[in-house]
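Thank you all for making time this morning.

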Amino acid sequence: RQDRRVRRSSQRCCSLNLLTQPLAQAQKISVFWAFLTAHRFLQSDRCKIKFVKNSMIIVGGGIGGLAAALACGLVGARPRVLERAANFSEVGAGIQLSPNVTRTLHAWGLAEELKGIGFEPRKLEAKDAQTGHVIGSLPLGQRSQEIYGAPYFTVHRADLHRLLLQKIKSSGLADLSLHCQVDEVIELDPMRVSVLQLATGVREVFETDAMVGADGLWSVTRQMVVPSTPPRVTGLLAYRALVPMQSIPEKLRLKDVNVWLGPRLHAVLYPVQGGDFLNMVIVVQGPLPSAMEEWDHAANKQDLEAAMGPAHPHLKELIGAAPAWRLWPLCDRAPMQGPHEMAKGRIALLGDAAHPMRPFLAQGAGMAIEDAAELAKSWSRKDMPVADRWNAYAHARWARNAQVQQRSIRNG
């Protein structure tokens with residue numbers, strides 16, 4: 001009896017593998033046999049079927065994925081966000097939200113909430129990292145409101161992520177699934193997405209009209225749209241720290257965005273969380289950690305100081321105030337070459353899954369949020385098939401993202 005159970009389990013696995021080959025690679029399998037195999041697989045006691053009308057599956061529950069869920073939910077979609085982690089959370093450094101981003105967040109009804117988590121700097125000031133001389137200054141604050149009609153905020157990533165998550169939960173605009181990963185995608189109509197529950201090993205199969213890959217730099221979804229290639233290693237390391245403002249000498253407490261520039265050194269410092277903390281990101285060259293896919297690594301100040309070289313005493317004092325440092329190896333991809341890198345059929349890519357970029361223009365999260373807004377606009381075009389909507393989305397976004405990728409490289 002046990003042998004028979006093993007054989008049945010093996011047959012089911014073989015059937016699933018056969019079914020989930022891309023149809024282009026398995027043209028000898030007719031749609032009839034695909035449906036028949038699917039039916040046999042779905043009878044498994046380890047599989048549950050869920051039907052979600054007029055839905056999309058969004059892979060990844062970071063800032064980009066939640067932004068897409070909120071934006072598309074607001075225009076009538078019923079998204080489901082799949083997140084591999086056991087909890088929705090965000091770690092990392094602060095984010096600068098320029099008016100192109102805050103304007104979009106305001107349009108989603110988040111103006112008051114954003115004001116509650118953000119800090120509005122008066123200006124951006126660039127300094128020579130060795131001499132401390134001011135190289136240039138850009139007024140922000142009221143000027144941003146007057147010229148662009150929206151504020152310039154600095155926020156912590158975790159605060160923005162929590163804001164988006166709370167909005168989705170309170171509005172009920174999207175379904176959220178934790179501790180799961182996409183196991184297979186079956187290219188039928190509607191699409192079938194097999195999702196493995198990591199805690200139990202149970203698979204759920206969702207029917208969906210569309211799919212969005214918002215699963216970041218090391219995206220698995222990306223290989224369904226473009227040939228699978230690893231991200232490009234830049235040779236740069238970003239050291240980051242969050243320091244209570246009260247622990248910094250009063251003369252060095254910041255109310256602005258400070259950028260320190262030097263040979264092989266790019267440091268950005270600004271207040272977050274209402275000015276109670278100072279966010280610091282110091283980009284240098286250095287040896288890469290062994291586990292590149294794990295972007296959050298422990299680091300120490302001695303390695304940072306050695307990589308920085310000579311620096312102004314004020315910058316050194318600010319760095320010395322940080323009790324602990326984390327390390328982020330920077331990777332990107334070459335600037336996009338066309339819309340084919342953002343969508344294929346009923347699968348679209350968003351944010352770092354499509355166009356990871358260096359942080360030197362402070363637009364990584366911003367481009368993901370812009371993507372989400374355009375994705376929702378394209379989704380609302382109900383007179384078009386889903387593949388045509390995603391094609392329109394890709395055509396609307398790729399050139400803008402490529403330009404920001406290129407300028408981010410140049411700024412570094």
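This is a predicted model: local features need pLDDT of at least 70, side-chain atom pairs count only at pLDDT 80 or more; totals for chains, interfaces and linings use all residues.

**A walk through the model**

Let me begin at Pro190, which sits in the loop that links strand S9, residues 180–186, to strand S10, residues 191–197. The peptide bond between Asp189 and Pro190 is cis, with an omega of about 0°. I start there since most residues other than glycine have a negative phi, and most peptide bonds are trans.

The protein chain has an average pLDDT of 87, and 85% of the residues score at least 70. Over residues 1–37, however, the pLDDT is below 50, and this stretch has 22 contacts in the model beyond its near neighbours in sequence. As for the overall make-up, the protein chain comes to 11 helices and 20 strands, and of its 412 residues, 52% are buried. If we take the contacts in the protein chain with a separation of 6 or more, 71% of them are between residues 24 or more positions apart.

Staying with the backbone for a moment, there are two residues I would like you to find. His179 lies in the loop between strand S8, residues 175–177, and S9, and His179 has a positive phi of about 55° although it is not a glycine. With a relative accessible area of 30%, His179 is partly exposed. Gln273, in the loop between strand S15, residues 265–272, and strand S16, residues 277–285, also is not a glycine and has a positive phi, in this case of about 50°. The relative accessibility of Gln273 is 26%, so Gln273 counts as partly exposed.

On the H3 side the contact involves Ile63, Leu66, Ala67, Ala69 and Leu70, while H7 brings Arg157, Leu160, His161, Leu164, Leu165, Lys167 and Ile168. Sorted by class, the residues of this contact are nine nonpolar, one polar and two charged.

H3 has another partner in helix H10, residues 364–379, where the two axes come within 8 Å and cross at roughly 25°. H3 and H10 are therefore roughly parallel to each other, and here the crossing is right-handed. From H3, the residues Ile63, Gly64, Ala67, Ala68, Ala71 and Cys72 meet Ala368, Ile369, Ala372, Leu375 and Ala376 of H10. By class, the contact of H3 with H10 holds 10 nonpolar residues, one polar and no charged.

From H10 we can move on to helix H11, residues 386–411, whose axis comes within 9 Å of that of H10 and crosses it at roughly 155°. Because an angle over 145 degrees counts as roughly antiparallel, H10 is roughly antiparallel to H11. This crossing is right-handed. The contact includes, among others, Met367, Glu370 and Asp371 of H10 and Arg389, Trp390 and Arg397 of H11. Its residues divide into nine nonpolar, two polar and six charged.

Two single residues remain on my list, and for each I will ask what surrounds it. Is Leu140 buried or exposed? Leu140, which has its place in the loop between strand S6, residues 134–139, and helix H6, residues 141–148, counts as buried because its relative accessibility is 7%. Leaving aside residues up to four places away in sequence, Leu140 touches Pro121, Arg122, Lys123, Leu124, Tyr152 and Val257. With Arg122, 18 residues away in sequence, the C-alpha to C-alpha separation is 5.1 Å.

The other is Ala299, in strand S17, residues 297–299, and at 24% relative accessibility Ala299 counts as partly exposed. Which residues does Ala299 touch, not counting those up to four places away in sequence? They are Tyr239, Trp325, Arg326 and Leu327. Ala299 and Leu327 are 28 residues apart along the chain, yet their C-alpha atoms are separated by 5.5 Å.

Note on methods. Residues are numbered from 1 along each chain as its sequence is written. Side-chain values use heavy atoms; hydrogens and water are left out. pLDDT is the predictor's confidence in each residue, from 0 to 100. Contact means heavy atoms within 4.5 Å. Helices (H or I, at least four residues) and strands (E, at least two) are DSSP runs, numbered from the N terminus. Ala, Val, Leu, Ile, Met, Phe, Trp, Tyr, Cys and Pro count as nonpolar, Asp, Glu, Lys and Arg as charged, and the others, Gly among them, as polar. Buried means under 20% relative accessible area, exposed over 50%, partly exposed in between (1.4 Å probe, protein chains only). Axes are lines fitted to C-alpha atoms, for helices over the stretch in contact, and angles run from 0 to 180 degrees between N-to-C directions. Angles under 35 degrees count as roughly parallel, over 145 as roughly antiparallel, 65 to 115 as roughly perpendicular and the rest as oblique. A crossing is left-handed if the near helix is turned anticlockwise from the far one by less than a right angle, and right-handed if clockwise.
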